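Look at the chain first, then at one residue in it.

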Amino acid sequence: MTTASTSDRHLPYGGLTTEEVLASRTSNGENVLTPPQRDPWWKLFLEKFEDPVIRILMIAAAVALAVGLLQGEFAEGLGIIIAILLSTTVAFFNEFKANQEFALLNHVYDQVNIKVIRNGQYVNLPRQELVVGDIIYIEQGHEVPADAEVIDSVSLYVDQAKLTGESEPSYKSHSKDRFQPDEESTYPFNRVYRSTIVTQGHGFCRVLAVGDRTEIGKLAQAVATVEDDKNTPLNRQLEELSQAIGVAGLLVAVLTFIALLIRGLVTEELLLTSRQGYMVGIILVTVMIVLIPVWLPVLDDGRQLLKKNNYLPRFLDLEPPAMAENWLLILAGGAVFFATAIKLGDFLGWVPATFGEWLPSEVGLALLNYFMVAVTIIVVAVPEGLAMSVTLSLAYSMRRMTAENNLVRRMHACETIGATTVICSDKTGTLTCNQMLVQDVVVPGLMGETTEQYDQVMDILAEAIAANSTADLEYSGDGLSEVIGNATEGALLLWLDDRKLNYLNYRYGFDLTSQGAFSAEKKYMTSLGRSPILGEEVLYLKGAPEVVLQRCDYQLTPTGIKPLTERANIIRKLQDYQQRGMRTLGFAYRPLADLRDFKITELEQHLVWLGFFAIVDPLREDVPQAIQDCMNAGIQVKIVTGDSPQTAKEIGRQIGLLTEESDPRHPQHLTGPQFAALDDKAAFEAVKSLRILSRACPLDKLRLVQLLQRTGAVVGVTGDGTNDAAALKQAEVGLAMGSGTAIAKEASDIILLNDSFSSIVNAVLWGRSLYENIQKFLLFQLTINVVALGTALLGPFIGIELPLTVTQMLWVNLIMDTFAALALATEPPNPEVLKRSPRRADAFIINSAMATQIIALGLTFLVLMILLLKYDMRDGSIDIYELSVFFAIFVFLQLWNLFNARCFGLSISAFTGLLKNPAFGAIVAIIFIGQIVMVQWGSSAFRTVPLTWQHWLWIIVGTSPVLWLGEVWRKLVPRQVKSSKS
């Protein structure tokens, strides 16, 4: 930053010095809000034990330990406790880490730049660096960064809804305006407050409070929060899926328990007298009553699913009793039933005479074992890692997307952007560089004039540019200047700067009395005040040349003001520049002697035409390829801009979006007025073929988005201005520019930090890959569920009570659920997903290809495992060594299938890009080594014995064809693999 130029650049205020800034920060603190107090980690950890299934497992562990106390054998009880602790600890750690990653992203909020005067210079500073006493500049679209006092303003209105809930903006001024109505207001007219939004005008303010001392800080309303995403389509699908799996798991658990009970009675493992049978019946019914909080909600889930799909008979459409959450009442009910049944049985002589005869210990142990198997089946059936997989995928994608210039504000947007079918894009700053430069000036007063005339016209033109503008220039130490504010206005200031004309002298020499901000509806901006150059009151107006020209009756010539006779010639020149893709800006003014008899709207007529500027905004180099990538991905791109039709169509041709003009019944280009003139039916048909909407106002853009949504499209909208907020909020995914206004960012879901359209393509890539990662996890986990549940259910019928023990199934649940979630959630995106069409927004997450593979592969694995058990039972029994081999084979089949799941939906090898995801390789190694360790040293806790190295080699090699056959299948039938999209 240079100080040499400070003396000749007139600023209204000097601002704080560096020393004053340090002193203020020391005494008043920083402009950072203290984050809300979070629960300590141990509370978060204990929350993992609130799940009803975990509570039941804890009860089972307690019973197992109690029985072990009598028998002197604690291995099984300790094994269940260890498995529970592992499951809850891993779940806690990963969710805690995901939350920390998300909180880190919110820190970016404090990095938004604010325009500040310090040391007599304009500077851009992050809002967190503001201190009490700073002089800040705010204008339309800005979010007020701190509580401040207005010291100078023009038509300043602020939306205080975040503080007061008032829908109407409040007028703010440095002094009481006699033309403003004297209304009651919650806050003083000369104060603005943090997090409120400037809706009109601009002004200078002196900071009075920062950080926690601001009003919104005191109310604790400015903490960045994560939006509740539970109602998003994706999570509704996942919730329904979990409910269906839970119902299936409960059904299989009950059937397995009944199968084990029947087997025990048939094989006489459960030797019971009639009286003991009565006692067993009482115990089972009592347990069913006590476990109402577990099975009743699952049954209700099934009832809701049947009702939703019209499968529920009317006589079953009854709400369940709302008592499942009252544990004490249910326990009391179970105790009352047990006592009543015992008393009745005793009266009828159905109860054994002595307490010790009620239930033989071996029968009690067998029933307890059956019960724990049934409960464990529920645990294994429900993919507990699903929610964690989604959270991890979202957090991972958010972090990586931020590194690629996509700051995700709402978590669901990570996935929704992948389903987008239409993107309505701004032109300026998104498709172009937003680095405006004056290409040409067409001003009659500067053609063939004398030096004196040149100076006079230049002075008027310079004042028209500087006084009727809100942009500024920041000067660096090497003399280079950077635009602060509107890029188009900045190009004009740079044009003056190149001619050694100090815009600040013109701006602050002009005695401004009123200013009308630019709006998309009017398409022009006005400034009214006393001009030192003309020596009288003057109105300056700038905006769309066609609009400005309509209000002009005169033009400035070298010999003075003359009637405007070259209107047609001016329009031809305008169209020539616009057809070459340039932005044009027209200027006019009206000298006024006395304002007392006029209204401001009456003054905006009979103006003097000054001329127009042709401003070029170069196309971004990466845009044509990005547009082509979108079209290859099945995504339509529509340009919505306020620019002229010629400029918009030229940009459309340059990026390859606009082809030869189509049938008038299916237009590719419309202007805002033409679009507004269409009735809903005609507009509904027009939006299907429309590619460019020029001269569009905010309501046009909003209507376009709504009509597209009616066609079934999933719409993404880009925008940077306050006028884009409605469309950004209406769209499924709002994409605000990093350089955009606070209102636009507030309404958005994703912020493009570099304002580049290619960042949208990256976001689509990540969104589609994220969804497929979730599908991969489901494919893998549900295949395991089919095998595990089928084995548990069929085992008793082939003579094996427990093919997999409780602790073994919990171990499988840990490594194949939690670890698989980690492995697949961090899969990097594959560009191949951009070669497909977007998935349907209402498609179920398990598509036909997934369902086919789950059933086919799951049943194949199940048949193999059952055949292995039958082979081991060839001599009528099975020993612990054979069961250890069975356990190892079960896990390694799933381990190799993890590689197949990784590349599901992609026509690539399972080893492609493996080095790009070190987490996957690490988790495979952990499962591989962990399973060997568990079998070799699991002992009685896991019902295993050490295997020979020859058997380990046979198991590893013998199960690996799962991977090799998958590789062959992907080579032979690549198209079948690609059909996995929803």
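This is a predicted model: local features need pLDDT of at least 70, side-chain atom pairs count only at pLDDT 80 or more, and totals for chains, interfaces and linings use all residues. Residues are numbered from 1 along each chain as its sequence is written, and side-chain values use heavy atoms, with hydrogens and water left out.

Q: What share of the 982 residues of the protein chain count as buried?
A: Buried means under 20% relative accessible area, exposed over 50%, partly exposed in between (1.4 Å probe, protein chains only). Of the 982 residues, the buried share is 54%.

Q: Is R263 buried or exposed?
A: R263 has a relative accessible area of 17%. The cut-off for buried is under 20%. Therefore R263 is buried.

Q: Which residues does R263 touch, not counting residues up to four places away in sequence?
A: Contact means heavy atoms within 4.5 Å. With residues up to four places away left out, R263 touches E269, P796, G799, I800 and E801.

Q: How many Å apart in space are R263 and G799, C-alpha to C-alpha?
A: In sequence, R263 and G799 are 536 residues apart. In space, their C-alpha to C-alpha distance is 8.0 Å.
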